[in-house]
Amino acid sequence: MSKEKYYITTAIAYTSGKPHVGNNYEIVLADSIARYKRAQGYEVFFQTGTDEHGQKIELKAEESGTTPKEFVDKVAGVIQGLCDMLNISYDKFIRTTDDYHEKQVQKIFKRLYEQGDIYKGAYEGLYCTPCESFWTESQLVDGKCPDCGREVKPAKEEAYFFKMSKYADRLIEHINTHPEFIQPVSRKNEMMNNFLLPGLQDLCVSRTSFKWGIPVDFDDKHVVYVWLDALTNYITGVGYDAEGGSTEQYQKLWPADLHLIGKDIIRFHTIYWPIFLMALGEPLPKQVFGHPWLMMNGGKMSKSKGNVIYVDDLVDFFGVDAVRYYVLHEMPYDNDGNVTWELVAERTNSDLANTLGNLVNRTISMSNKYFGGVVADKGAVDEALDADLKKTVCGAYAKVEEKMETLRVADALTEIFAIFKRCNKYIDETEPWILAKEEAKTDRLSTVLYNLVEGIVIGASLLQPYMPETAERIAAQLNTSLRSFKELEQFGLYPNGNKVTEQPEILFARLDMKDVEKREEELAAAMMAEAEPEESEEAVIDMEAKPEISYDDFAKLQFQVGEIIACEAVPKSKKLLCSKVKIGSQVKQIVSGIKAHYSPEEMVGKKVMVLVNLKPATLAGVVSEGMLLCAEDAEGNLALLTPEKDMPAGAEIS
């Protein structure tokens, strides 16, 4: 009888550079799900890989003095090496520069063009190079890319477009009738309300301004837009053929059971990808899960600031399974998690060294001390204590299964560690060292130790998908094998009279926080030394100094917080907006040359910094009674200055 299949994928990693631990979280999460499903009896196929085309990579390669292919070969090797270091049990590592993938992408593009879903036109808009995305002015957030927050630049070029609106209603119906399709629910609401229901624009699916991409074979000055290229890996990697010759593997595995991705690319996977599949006549994936981000001290990581954490550095210091445990346990289901060296060390000491490691060590040591390592159930039962222990241990699998069904992996780990905590409590309740003082209680002591060993084996068997090396090490010390999930609700399967190892191994040593701090400082210093000035996320601008002023000069200027309550374009000007700004109980009319950077709709509701006592002036026939303060970069991009915290209109700025 064949097993039920389970096809799981991660987003393929972009080969612009070495990923940090926040990027690696996804692959560990996917691996734990894949291993869990295998343990449940599924025939799992787990695919990951690298996304290797696009303008950003072409620029990176040029900066490094290599060809794009040489550049991505190196970075892809680093990414796959990190997967292997983390003990990731992937079945397929796909690269979008693989020949079979490139050929299929060309076939897919041609088929969509020939059936009228793709047409040729021209694109003019605002382009974000890191995200490989075009935006309209209204889609920007504070004048920047809504996805990554970086600068966008005007771009115009000939391009092919996909008719997204053709399939929009069908996709909306699918999402409404398949509530499990987009998870968590907050991601579904975001896609429906912000993108689908307002109406989809046609999507640019080719580029001509760079060459590092898959050529459109019938129009070779175009390369395929990176997202059409990257998304199709989920089908090309398992044998899809756009001309009808798909393999048996594809017929068996598709549709995918789970696409596991970061929340920042949910739009591509729940709007663009399903529509591409609809156009190809293929089933949609069963579920797309947009996981949260792993942050550092509540913010994004930046190499130039010395606050990036790389997973190989963590593994070198803490070990593979300690890192796996931390990133899986500390990530909430629907909110961003946090990682620092101190937090990893604290969790290692509390959960892994104390709760788990100490339990295993004490149990093996007592078994050797009192019975020469022989573990035997003598039937000397304390009904209340033993029954409560067994209830916790044998009831854990059902709780873990419930959590994993909804991908609440952190909660599943918590349920497993409840076994180890209950075993530690059982030691305190039974006090084996007291039992050992009375010969009449020898059988009870033996039974207590048997119960502890059995509880640890069941806990380690459940732990295997998340911390595979640790689970195997525990089983080896107890001279047994990990159990199948079918056996985890039965207590008493450990062979009576079996003998544990003579010398228990320390699973996780307690860490000195001074050593942790020292290592973190060393790595941060090395990172800062290596960082190039241009790698800084924030550019700096030096400008010619103006003459010094006295405090009395400054005191003449009156700055206050204003709230924009209305805004419209100035009819006789291409650059000016006229805003009604509430300042205390007054409303002032202020004209600003920011039309290229903000639409009138964006202005309304903003809290801004205002120079209030500027002499009124007439601009394009409209009176202006103050000035809105803005910052300007070297390229002439403007950003309104706004208070960091919410302040009332009229608050003084000093």
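A charge sits over a ring if NZ of Lys or CZ of Arg is within 6 Å of the ring centre and within 35 degrees of the ring normal. In this predicted model, Arg267 does so over the face of Phe268, at 4.6 Å from the ring centre. Let's look at the rings and the nonpolar cores in turn.

**Charges over rings**

**Aromatic pairs**
- You can find 27 aromatic pairs in the structure.
- Take Tyr397 and Phe485: their ring centres are 5.2 Å apart and their planes meet at 55°, so this pair is tilted.
- The two partners come from distant parts of the chain, 88 residues apart. Tyr397 belongs to helix α14 (residues 383–405), while Phe485 is in the loop between α18 (468–477) and β17 (498–499).
- Buried means under 20% relative accessible area, so Tyr397, at 10%, is buried, and so is Phe485, at 4%.
- One aromatic cluster is formed by Tyr7, Phe45, Tyr234, Tyr240, Tyr250, Trp254 and Trp273.

- In soluble globular proteins, nonpolar side chains tend to be buried together.
- Here the largest nonpolar core has 103 residues, and Ile8, Val21, Ile33, Phe318, Leu462, Tyr466 and Leu478 have the most contacts inside it.
- Helix α17 (residues 442–463) gives the most to this core, with 12 residues.
- Apart from that core lies another, of 56 residues, including Leu112, Met164, Val216 and Ala242.
- Beyond its neighbours within four places in sequence, Val21 is in contact with Leu294, Met301, Ile309, Tyr310, Val311, Leu314, Val327 and Val339.

Methods: Residues numbered from 1 in each chain as written. Predicted model: local features only at pLDDT ≥ 70, side-chain atom pairs only at ≥ 80, totals over all residues. Heavy atoms only, no water. Core = buried A, V, L, I, M, F, W, Y, C linked by side-chain atoms within 4.5 Å. Buried < 20%, exposed > 50% of the residue type's maximum accessible area, 1.4 Å probe, protein only. Helix = DSSP H or I, 4+ residues; strand = E, 2+ residues; numbered from the N terminus. Contact = heavy atoms within 4.5 Å. Phe/Tyr/Trp six-rings, centres within 6.5 Å; stacked < 30°, edge-to-face > 60°.
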